[in-house]
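This report describes a protein model, going from its strands and sheets to its cores and ring pairs. Please keep the sequence and the 3D view open while reading.

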Amino acid sequence: MKRILFLLLLLVGMAQFSIFNCQFSIVSTACAQFQEPVKFAVRQQKLSETELEIVFTGKVDAGWHVYGVDIPDGGPTKAELTLEKQKGVKAKGALRATGQVHRAMDEMFGMELSYMEGTASFGQTFTLTGGDYEVAGYLTYGACNDENCIPPTSVEFSFTGKGPSDSPKEEDRAGQPSPQPSLQEELEEDTASVAPDSAVVADSAVAAVGPDGLWTPVVDELRAFGEGSGTSSSEAGWLMIFLMGLLGGFAALLTPCVWPIIPMTVSFFLKRNKDDRSKGIRDAATYGLSIVVIYMALGLLVTLLFGASALNALSTNAVFNIFFCLLLLVFAASFLGGFEITLPSRWSNAVDSKATSTTGLLSIFLMAFTLSLVSFSCTGPIIGFLLVEVASTGNILGPALGMFGFALALALPFTLFALFPSWLKAAPKSGNWMNCIKVSLGFLELAFSLKFLSVADLAYGWHILDREVFLSLWIVIFALLGAYFIGWIRFPHDEEEYDEMGEIVQHHRTSVTRFFLALISFAFAIYMVPGLWGAPCKAVSAFAPPMKTQDFLLGQKETLHFEDYEEGMAYAREHKMPVFLDFTGYGCVNCRKMEAAVWTNAEVQQLMDDNFVLISLFVDEKTALPEPMIVEEMGESVKLRTIGDKWSYLQRSKFGANAQPFYVLVDNEGHPLAPSYSYDESVQAFKQFLETGVRNYAKRK
């Protein structure tokens with residue numbers, strides 16, 4: 001009965017892994033705050049007598065990245081240069097990224113994106129056409145981290161200088177040395193101004209951007225509601241990695257390569273020190289600690305060999321994702337019984353011989369190392385899967401943290417059974433149930449291999465693994481896993497069952513435990529079937545290709561809402577309704593995640609439809625305003641050129657925030673009804689956010 005309980009708990013945990021992984025990336029529901037993750041400086045430099053370069057250099061905060069210049073249409077905000085004044089200069093080529101550019105496949109956008117971290121730098125070359133020159137304009141860039149994006153941000157510049165026509169003509173200079181510019185001229189040429197064009201500011205009145213007090217700042221009112229709380233993304237990521245390792249360790253523990261070794265090892269330590277039981281316990285604990293050290297050293301070795309940035313680059317590189325996919329397919333075939341993955345026997349024999357000839361702590365450590373080698377056929381595929389998954393996080397502590405969780409689960413029984421030897425008698429005996437676990441892990445590795453193939457498929461645009469194809473394969477895999485539990489499928493390592501007379505049982509009987517495991521697997525397969533017609537299938541949304549790759553969507557409903565602040569507020573006043581302000585962006589990945597994972601919930605959708613006027617304001621909308629607006633912000637004049645600039649200014653000035661997604665509930669006069677809400681995929685938390693706004697609006701009425 002106990003071994004049945006072991007098997008049930010393992011499979012339930014692994015079957016729910018995708019749900020947990022999908023829903024665990026919760027970040028704080030924070031109050032309004034202004035973020036400035038990138039600080040740019042601009043300078044000009046002479047490349048030659050006839051060429052000039054404008055250089056933008058930005059310092060990027062840790063965890064943030066600035067997108068490059070070659071982002072395809074439909075993606076996030078790319079870096080662009082807009083020239084407002086050109087005198088005596090002509091642009092040579094296009095704006096280019098001059099820093100270290102990384103490339104990664106983004107599953108939400110379904111395209112490869114370029115970005116820079118740490119330092120972002122861009123350059124634009126100009127040809128000097130003669131005479132005094134003047135060039136002015138602005139750089140627009142977008143930046144994001146794992147939680148938020150800032151709206152498209154402008155870096156303005158204005159430069160003047162002297163061109164080559166101030167020198168003698170070529171024919172008059174024959175045989176004469178080239179005149180060198182004076183120090184004063186050099187200083188004039190290298191002086192940059194990143195403020196807006198002063199003439200434009202002087203000639204324009206500061207615009208009033210909103211009527212009837214709808215643009216009046218309410219930052220203090222919003223803060224009065226207090227700040228939300230939650231788990232930071234980095235903490236959530238570390239905990240997720242540790243739990244993945246822990247779960248993998250428990251899975252490895254119950255395989256035929258590890259479980260039978262436990263009672264033999266513990267009995268050896270206790271018998272060797274039968275006159276001193278406390279020493280036997282210490283030896284067993286040291287043995288367990290040695291296992292932890294060995295596997296953590298493996299995780300640290302991976303980090304030292306590759307580094308965090310290399311791990312992240314590998315995880316998003318299409319070629320390496322194909323390699324990861326093939327690697328997991330090999331591991332799956334091994335677990336299903338196709339072949340054994342073993343290390344050379346001379347390695348384990350040499351270590352075992354060394355352990356026998358030594359004493360003390362070194363002997364115990366070498367025994368633990370022997371376990372790592374002889375159990376590799378079962379632990380190797382699990383370790384490989386963990387390291388591949390952890391690599392996709394790009395976390396510098398990820399491999400070591402994952403291996404710590406794995407080793408902790410693997411080492412724990414050696415210490416516990418040494419402390420409580422009587423538990424050994426009640427522990428499940430070795431048998432065919434361990435091979436059942438091994439085969440189940442093979443099916444799971446087969447399923448997860450498709451995740452990596454999907455990344456490569458999206459990168460190259462093959463369209464061989466679109467969402468419905470991916471879901472079809474997962475449906476078949478988990479249906480076959482259910483068939484295995486029932487007994488309809490058998491693999492090479494599955495033992496035959498015998499009756500009391502020693503004859504092979506002709507009609508295989510399905511145990512109650514295997515029946516319930518089959519029920520879970522079949523149910524999960526059926527759960528994914530509606531996804532073939534466009535159902536969200538949130539439990540697998542973290543693994544499946546984006547919805548945009550699906551060819552057929554049934555019953556998709558577009559919620560009617562406003563995309564203009566004044567128009568939406570006027571409607572809310574007329575109908576006496578509160579307002580849901582959605583500060584978003586076309587290039588905001590986490591905005592799309594919230595809409596797919598939270599807004600599609602039936603209760604959430606009903607709350608929004610029945611109680612609020614929805615106003616979505618896209619801060620990266622590039623449609624030009626009828627005429628630019630000049631506004632005062634933090635003591636400086638800021639020019640608003642596009643509709644996106646206008647909504648971004650509204651978010652900054654009224655609510656004191658500049659990151660997206662950003663949600664705030666207000667009454668029809670523009671006053672907040674609840675704390676603001678940011679990226680948090682908890683449906684329950686979002687429902688509470690909406691319900692708080694409904695209650696507070698009812699009180700004000």
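How many of the six residues of strand S7 (residues 111–116) are buried? Five of them are, so strand S7 is largely enclosed by the rest of the structure. Buried means under 20% relative accessible area, exposed means over 50% and partly exposed lies in between, with a 1.4 Å probe and protein chains only. Helices (H or I, at least four residues) and strands (E, at least two) are DSSP runs numbered from the N terminus.

The model is predicted: local features need pLDDT of at least 70, side-chain atom pairs count only at pLDDT 80 or more, and totals for chains, interfaces and linings use all residues. Residues are numbered from 1 along each chain as its sequence is written, and side-chain values use heavy atoms, with hydrogens and water left out.

**Overall content**

The protein has 23 helices and 15 strands. Of its 701 residues, 50% count as buried. Contact means heavy atoms within 4.5 Å. Among contacts in the protein with a separation of 6 or more, 77% are between residues 24 or more positions apart.

**Strands and sheets**

Two strands pair if DSSP finds at least two bridges between them. Strand S7 pairs with S6 in the antiparallel sense over five bridges, and Asp106 stands opposite Met111 in S7. Strand S3 (residues 65–67) is joined to S7 by two bridges, again antiparallel; here Val66 has Met116 of S7 as its bridge partner.

Four strands form an open sheet in the order S1-S2-S8-S5, with antiparallel pairing. Its edge strands, S1 (38–46) and S5 (89–97), each pair on one side only. Neighbouring strands of this sheet are turned by 15 degrees against each other on average, direction ignored. Axes are lines fitted to C-alpha atoms, for helices over the stretch in contact, and angles run from 0 to 180 degrees between N-to-C directions. S5 and strand S8 (residues 119–128) run antiparallel and are joined by six bridges, with Lys90 opposite Thr127 in S8.

Another open sheet has three strands in the order S12-S11-S15, and its pairing is mixed. S12 and S15 stand at the edges with a single partner strand each, so one side of each has no neighbour in the sheet. From one strand to the next, the twist averages 20 degrees. S11 and S12 are parallel and share six bridges; Asp582 stands opposite Ser616 in S12.

Helix H20 lies across S11, S12 and S15 and runs at about 140 degrees to S11. Helix H23 lies across S11 and S15, at about 25 degrees to S15. The buried residues of H20 (residues 589–599) include Cys591, Met594 and Trp599. Elements that the buried residues of H20 pack against include strand S6 (102–106), helix H21 (602–611) and helix H23 (683–700).

**Nonpolar cores**

A nonpolar core is a set of buried Ala, Val, Leu, Ile, Met, Phe, Trp, Tyr and Cys residues joined through side-chain atoms within 4.5 Å. The largest core has 67 residues, of which Ile291, Phe406, Trp474 and Phe478 touch the most other members. Helix H16 (residues 432–460) gives the largest share of this core, 11 residues. Apart from it lies another core of 28 residues, including Ala572, Leu617, Tyr649 and Val666.

Leaving out residues up to four places away in sequence, Phe478 touches Leu444, Ala447, Ser521, Phe522, Phe524, Ala525 and Met528.

**Aromatic rings**

Rings of Phe, Tyr and Trp (its six-membered ring) pair if their centres lie within 6.5 Å; planes under 30 degrees apart count as stacked, over 60 as edge-to-face and the rest as tilted. The structure holds 33 such aromatic pairs. Two of them are listed here.

| Pair | Centre to centre | Angle between planes | Class |
|---|---|---|---|
| Trp215 and Tyr565 | 6.0 Å | 85 degrees | edge-to-face |
| Phe478 and Phe524 | 4.8 Å | 80 degrees | edge-to-face |

Trp215 lies in the loop between helices H4 (198–203) and H5 (219–224) and Tyr565 in helix H19 (residues 565–575), so this pair ties together parts 350 residues apart in sequence. Both Trp215 and Tyr565 are buried.

Phe478 in helix H17 (residues 467–486) and Phe524 in helix H18 (residues 512–528) are 46 residues apart. Phe478 counts as buried at 7% relative accessibility, and Phe524 at 11%. Ring pairs link both into a cluster with Phe448, Phe470, Trp474 and Tyr527.

A charge sits over a ring if NZ of Lys or CZ of Arg is within 6 Å of the ring centre and within 35 degrees of the ring normal. The charged end of Arg641 sits over the ring of Tyr138, 3.6 Å from its centre. Arg514 lies over the face of Tyr484, at 5.3 Å from the ring centre.
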